[in-house]
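Please examine the model below together with its sequence.

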Amino acid sequence: MSEDHKKEIDQISGVETTGHEWDGLKELNNPAPRWWLIVWIVCTIWAVGYWFVYPAWPTAWPGFGSGEEAEKTGSVTRVTTGATQGSAGWTEYKQLEESQAQIVARQAGYLEKFQGASYEQIANDPELYKFAVAGGNALFKNNCSVCHGADAQGSKGFPNLSDDDWLWGGDLASIEQTVRFGIRSEHDETRQSAMPSFGKDELLEKEEVDQVVDYVLSMSSEEGPKADAPGAEIFANNCASCHGEQGKGGRDFGAPNLTDQIWLYGGEKEDVYNTVFNAHAGVMPFWEGKLDENAIRQLTIYVHGLGGGEGVGAAVEASAEESAPTPEAAQPAEGEGASTEEPAPAEAESDGSAAE
Ligand code: HEC
Ligand code: HEC
């Protein structure tokens, strides 16, 4: 671009041209609009100010501030180079700390409210209920999903907690009791029951086991059970005491409903035969003392809310009466986080069937 061209004035607009020409079109030398210029100047001044107020210029040495902060909070990998500090003293670490402190303070507020509230009050307070479910969800992932699955759908030997088929009861009080004391656990107040090993302990002949298994399978079939089947009498004499005359299950013993096609240990003839021959005794660990009171209650609400929860209203009253008078058993809760000393899922199947 040289100054060589003669200053040429465009005839129509009266504006000077730049001398650039394409196919007979000439570029006019209009100045930038004033508003644009003002914005540009203001931005430039703003940017310069920003350099001084905020950390902006990278430095080769550990930061004026930022590096130290990183070390102090311990949460971030130590940076070896830093930046100018900025007069406002702002750092990302401080911002993070502040927002975390806000979250902790908010949680503490909810926890305090949660602690003093009954299940009924929690159910009627949407925010508190949401808080409980969110906490229960996180606790479940940490402590329960290893056996029950991340979505609580269970697997062979580990019950699905999101359906409305319950071994021991699906109201809040029952769930709380199960979680607190466990099932066949080491806790003194554990839920307890044992189905006899009818085959292994020779309580029934192999043929009788076979017959009663056929009868059990017929209970959940479309045709329904035949009262004159050879297995019917065997069932009435040996099984009905726990599973009920109709095989609908007995919650006092954690005896499953045998009429609903929902099988804890499999519904093939082979599986059922194995169950009756050897029996199972699923173990669910107890959580009292391993998780704090709030955690146990949050888990109870979470499990109850998974879809299969029973009668909130009635259960709430029951839970207020039944679960409250356990202070003798209440130990000081120490660990509030995940417990890592739980038996692996495989150990829960202590039925010895593998030995056969
Ligand atoms: C070591 C494996 C294991 C872990 C961990 C575990 N459970 Fe269980 N849970 C079981 C087994 C096995 C049963 C079934 C016991 C039986 O056969 O009666 C069970 C049963 C239950 C039941 C009763 C279901 C019913 O139908 O009545 C509930 C409720 C439950 N678990 C909740 C939890 C919660 C909440 C946690 C986490 C705090 C948890 N479980 C952790 C193995 C486990
Ligand atoms: C003392 C009570 C008791 C008696 C008697 C009893 N059961 Fe059971 N039964 C149970 C319990 C408890 C379970 C669940 C075991 C577990 O959860 O680990 C069970 C589980 C079962 C299952 C597994 C169900 C499933 O969903 O996988 C079958 C099948 C069964 N019993 C059949 C029988 C038959 C048949 C008899 C009689 C010959 C019988 N039971 C007698 C308590 C009993």
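In this predicted model, the shell around ligand 1 comprises 21 nonpolar, 6 polar and 1 charged residues. Of these 28 residues, the nearest to ligand 1 are Cys 144, Cys 147, Trp 168, Gly 282 and Met 284.

Another feature to trace is the packing of two helices. Such a pair is described by the angle between the axes and the distance between them. For helix H8 (residues 206-219) and helix H11 (residues 269-278), the axes come within 9 Å and cross at roughly 125 degrees. An angle of 65 to 115 degrees would count as roughly perpendicular and one over 145 as roughly antiparallel; H8 and H11 are therefore oblique to each other. Their crossing is right-handed. On the H8 side, the contact is made by Val 209, Val 212, Val 213, Val 216 and Leu 217, which meet Lys 269, Val 272, Tyr 273, Val 276 and Phe 277 of H11. By class, the residues of this contact are 9 nonpolar and 1 charged, with no polar residue.

Ala 152, in the loop between H6 and H7, has a positive phi of about 65 degrees although it is not a glycine. Ala 152 counts as buried because it has 22 C-beta neighbours inside 10 Å. Arg 184 lies in the loop between H7 and H8; this residue, also not a glycine, has a positive phi of about 50 degrees. With 18 other C-beta atoms within 10 Å, Arg 184 is partly exposed.

Key:
Residues are numbered from 1 along each chain as its sequence is written. Chains are lettered from A and ligands numbered from 1 in the order in which they are written. This is a predicted model: local features need pLDDT of at least 70, side-chain atom pairs count only at pLDDT 80 or more; totals for chains, interfaces and linings use all residues. Axes are lines fitted to C-alpha atoms, for helices over the stretch in contact, and angles run from 0 to 180 degrees between N-to-C directions. Helices (H or I, at least four residues) and strands (E, at least two) are DSSP runs, numbered from the N terminus. Angles under 35 degrees count as roughly parallel, over 145 as roughly antiparallel, 65 to 115 as roughly perpendicular and the rest as oblique. A crossing is left-handed if the near helix is turned anticlockwise from the far one by less than a right angle, and right-handed if clockwise. Two residues are in contact if their C-beta atoms, placed from the backbone, lie within 7 Å. Ala, Val, Leu, Ile, Met, Phe, Trp, Tyr, Cys and Pro count as nonpolar, Asp, Glu, Lys and Arg as charged, and the others, Gly among them, as polar. A residue is near a molecule or strand if its C-beta atom, placed from the backbone, lies within 6 Å of it. A residue is buried if 20 or more other C-beta atoms lie within 10 Å of its own, exposed if 12 or fewer, and partly exposed in between; C-beta atoms are placed from the backbone.
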